[in-house]
Amino acid sequence: MKGLYSHFCERMANLHPTGDLWVAFSGGLDSTVLLALSARLAREQGRALTALHVHHGLQAAADAWPAHCAAVASALGVPCRTLYVQVALGPRISLEAAAREARYRALAAELAPGDALLTGHHKDDQAETLLLALKRGAGVAGLAAMPASRPLGAGVQLRPLLDCSRTQLEAHAREAGLSWVEDPSNADNRFDRNFLRNEILPRLQAQWPSFMDTLSRSAELCAEQKALAEELAEDDLAGLAGTDGGLAVAALARLSPARRNNALRHWLQRRGIHCSRAQLAAVWQELALARPDASPRLLLGSKEIRRYQGALYLPEPGPAPIPLPALQAGTWLDCGAGRIRLEWVETGAELAAGLDPARLCLDFGVPGLRARPRGRAGSRPLKKLWQEYAIPPWQRERIPLLLDGDRLVAAAGLFICQEYASPPHQPGWRLRWQPEDGQNH
């Protein structure tokens, strides 16, 4: 390979960062080499560069690292800041994963739009990530391992050393006279990545010297397949997703099983749900294929997937609705699910002029109500009207009900009851409703 700095500059040119540069600086070999290369590039290009050291507070040895990192960065002419994080453990979350989550959350918060966070991941890290994905039984998304670039916070994360080996980085560090710290926890083979790094990969490389290159090539091929699968999913979803955010089950069923799973998985991932193969099968079998008159639901993590009238939905929880025991005419009132206003108009009224605002209240989810929407013959239970107006069950409890005592006056944004309706072109009252989406009704 050509000189490491020349290679680094080529990679950075291809990754094309536009804003300020930040380096995730642990003080170890990889990030020390990365910081030295980045400092030289920043000087030559007149770029702003800052080193960020994350202190997890997980081991006593780490208490000395912020001072070391500050000294190394200062010698390179780079400002260095330490970010202190709390690592929150939870059920079925490893210490490695929890620390990584806390670290990236803190680093992402530092990035402005256009900024780039550089991390020192290299070819050996890529091989470890691919083998860990195989251990989990991952598909092409997991086997694609780590991309050279990905969105992070308001900016991007770049891995410009991804096709360099650790041996190359160490040779460069020794030649440049760089100093770095060794994390004692790297010798603990109870951690999966350490076990691979210390026990498995050296034996594989001894048997097959080009093994790292082969794994890296496999990851690149999987990344291409992942990109193709995402493009196909986007094309399919363009014809499957409705304007209300639902995903049509009948249209999904016309796809081949593999293509259907690809589209469904992509639809879920865009909404923050990364499910297993078994969970994806449950979405199809228990939701999509449930009997037509059912309203099934499935909980995946903290997200609930539901089916209604032949489509799958991912309802987003909103603020709790707030009943209003009294209304003040002419004033926007917050009712949790949105804002409502009863106002007097000289023409085009919806509610009759004789309506007394002092008698009105606002409530949600009132059982047993009946209503006769304006222009309809006869009254019907509100439950039946929700079905006729195609209101999904999870939205019904959030529709404001304007009441005169125990009688329904209006369902905000949907209908006015006939007995309270104003004659055409007459003065009277208008009910304005502004739900959480900000649209006026």
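## A buried valine

Valine 409 is buried, with a relative accessible area of 0% (buried means under 20%, exposed over 50% and partly exposed in between, using a 1.4 Å probe and protein chains only). The model is predicted, with local features needing pLDDT of at least 70 and side-chain atom pairs pLDDT 80 or more, while totals for chains, interfaces and linings use all residues. Residues are numbered from 1 along each chain as its sequence is written, and side-chain values use heavy atoms, without hydrogens or water.

Valine 409 belongs to strand β17 (residues 407-411); strands are DSSP runs of E with at least two residues, numbered from the N terminus. Leaving aside neighbours within four places in sequence, the contacts of valine 409 include Leu351, Leu355, Ile416 and Tyr420 (contact means heavy atoms within 4.5 Å). Leucine 351 is 58 residues from valine 409 in sequence, and their C-alpha atoms are 8.5 Å apart.

## Aromatic pairs

Rings of Phe, Tyr and Trp (its six-membered ring) pair if their centres lie within 6.5 Å; planes under 30 degrees apart are stacked, over 60 edge-to-face and the rest tilted. This rule gives six aromatic pairs. Tryptophan 344 and tryptophan 429 make an edge-to-face pair, 5.2 Å centre to centre with 85 degrees between the planes. This pair links strand β12 (residues 338-345), which holds tryptophan 344, to strand β19 (residues 428-435), which holds tryptophan 429; the two residues are 85 apart.

Tryptophan 344 is partly exposed at 40% relative accessible area, whereas tryptophan 429 is buried at 12%. Elsewhere, ring pairs join Tyr308, Tyr313 and Trp394 in a cluster.

Notes
Helices (H or I, at least four residues) and strands (E, at least two) are DSSP runs, numbered from the N terminus.
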